[in-house]
Amino acid sequence: MPLLKLESVSRDFDVSAPWLNRVIEREPRRILRAVDRVSFEVSKGETLALVGESGCGKSTVARLIAGLYAPSEGRIEFHGRRLQMIFQDPYASLNPRWRVRKIIAEPMLFLQTKKDVSEFLLQVGLSPDDAERYPHEFSGGQRQRISIARALAGEPELLICDEPTSALDVSVQAQILNLMADLQERLGLTYLFISHNLAVVSLVADRVGVMYLGRIVELASASNLFTRPRHPYTRMLLDAVPDLGMTGKPRTPVAGEVPNPLAPPAGCPFHPRCPHANARCQVEVPRFTNGVACHAIEEGRI
Amino acid sequence: MILEVKDLTVQFPTRRAVLTAVDSISFSIAPGEVLGVVGESGAGKSITGLAIIGLLEPPGRIAAGEVRLEGQRIDHLRHEEMRRIRGRKIGVIFQDPLTSLNPLYTIGQQLEETILTHLPLNKAQARERALSLLREVGIPAPEARYGAYPHHFSGGMRQRVVIALALAAEPRLLIADEPTTALDVSIQAQIIALIKRLAGERGAAVMLITHDMGVIAETAQRVAVMYAGRVVEIGPVRDVIHSPRHPYTVGLMGSIPKIGIRQERLLQIEGAMPRLNAIPPGCAFNPRCPRRFERCVIERPGLLAAGTSQAACWLHASP
């Protein structure tokens, strides 16, 4: 049984103007579908990453799983007891008026057996003395360690990490990613890892889901996705990543931008930017089969 | 050389001490060349850029050294003179395109104003030039978008407008401070290609400030690596990436995750960059350096020849 299972989960947001404006200006209600029929499973001990550009709905999926939003449709099954979340901005996610001891002890309020705060500080590479300090006394990387210690204190089976290193410098990012890998190995944690950074995802993930305009367009093992990307959008994303090796490999220039999610294109949401789109792509939404949602692949055109 | 910076030092006097944010750095940029300036937050990259364009916020000031633009010293010019040079000879692109554009004017008005301020053209010619600039930076149907306000544009399109604005008066030097950091990867690739093409075509010098080594690898010919206000390594991009000479650059390159290379762990530099009020004596990197020896703690290294690059590291001192 998977630890986490999403079945055709959707989430709508009402972004209509206030009632009075709608009546006077005769505007209809406007609904933004941030997540559209997303399904996937996460097994115990693995890392599933969701990647995509801003506005693709990856953070909304994280919040749906954490229960911060309720799904509009579909169902989410969690076969564990506890999950915790790590957020992007370690400056906003720690209460500035609380000492580190209180921050880390908070999740333990709901546990039967209480452990020592210093144990968790040591696990994330901080010193037990740091418990008496306030968040502002720490650097960004150290704050993210405190966030991780707080998450661990809740003894979670699943950790949802929403861009955990995006606000950090690369050398600090390396420290945090190494720490997360160590903790996973030692404690058998399961990670749902949300990121826009494909290089980071290629390092941490066992499996990767690529999202575009609220949908998963491709889901594959990390090794397959990065060596043999299938969906045209995945290929485009990988082509757009700056080439640090300076191999001078030929690449297709990226065209266009993500469309407005309030008025998504009909058919396949990627068709206006897709070099393989045909008439069918413009009208019919491709079904997600065999790990990819693309008419061209289904028809064997690419 | 279009830009020559020599022994530039920027200090911030505070009540307790004088903080040195940029410590005696030197570099130059040739016509058509893109120099990348890379480093982590607080390394002094942006302050260097601001010092060159004369936009340091007081109490920050240039304490020593000189900046020359096409041979002319510009570091001690008065505010009015510097204002004429900015825009005319130096174009600037900042990270957040929303803060560089005035939300109350249409993009057409903003472009026209810049062009009329700096170039001897009449209004009709200015409009013509503005339209051709917008076309050049890849804005579809510029005639239709001419009267639009900045908030009508997406992030990537706004950054294109900012680039058009920076190029409006055909500057000799373009300073781009994290121009793609706020953008998605697919848009980032488009903007990088644009900056590269425009600099090449016009023979302008570009100083590209970023924390992203990938962006530098794609765009720049040479790169300067900064740490704690100093340039620790400078050289051709390919050499700095493939055979870094300074232990900090080695650590920095090793800590970047790379696609297509199966790696379990990243190389890790222990600790963090020192604060400005606690920069250690000798080499600023010595407390974190795996290859430190006695001399590093006592004496500060200057840039020493190391292969095709230069590195501020005693490992490269000739015996």
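Two strands count as paired if DSSP finds at least two bridges between them. Helices (H or I, at least four residues) and strands (E, at least two) are DSSP runs, numbered from the N terminus. The model is predicted: local features need pLDDT of at least 70, side-chain atom pairs count only at pLDDT 80 or more, and totals for chains, interfaces and linings use all residues. Residues are numbered from 1 along each chain as its sequence is written, while chains are lettered from A and ligands numbered from 1 in the order in which they are written.

Strand E8 (residues 205-210) of chain B has parallel partners. Strand E7 (residues 173-177) of chain B pairs with E8(B) over 5 bridges, in the parallel sense. Within E8(B), B:Ile209 is the bridge partner of B:Asp177. Strand E3 (residues 34-38) of chain B also runs parallel to E8(B), joined by 5 bridges. Here B:Leu35 lies opposite B:Met207.

E7(B), helix H8 (residues 185-202) of chain B and E8(B) form a right-handed β-α-β unit. Right-handed means that, with the strands pointing away from the viewer, the path from the first strand over the helix to the second runs clockwise.

E8(B) is mostly covered, with 6 of its 6 residues buried. A buried residue has 20 or more other C-beta atoms within 10 Å of its own, with C-beta atoms placed from the backbone. B:Ala205, B:Met207 and B:Ile209 point one way from the strand; B:Val206, B:Leu208 and B:Thr210 point the other way.

The largest nonpolar core holds 181 residues. Such a core is a set of buried Ala, Val, Leu, Ile, Met, Phe, Trp, Tyr and Cys residues joined through C-beta atoms within 7 Å. A:Leu192, B:Ala164, B:Val206, B:Leu208 and B:Tyr227 touch the most other members. Leaving out residues up to four places away in sequence, B:Ala164 touches B:Leu111, B:Leu133, B:Leu134 and B:Val137.

Chain B as a whole contains 12 helices and 12 strands. Buried residues make up 49% of its 319 residues. Its C-alpha atoms fill a box of roughly 65 × 50 × 35 Å along the principal axes.

Contacts (C-beta atoms, placed from the backbone, within 7 Å) also link the chains. In all, 31 residues of chain A are in contact with 35 residues of chain B. Helix H6 (170-187), helix H7 (198-204) and helix H9 (232-240) of chain A each supply at least two residues of the side that touches chain B. H6(A) gives the largest share, 8 residues.

Notes. Buried ≥ 20, exposed ≤ 12 C-beta atoms within 10 Å, placed from the backbone. Contact = placed C-beta atoms within 7 Å.
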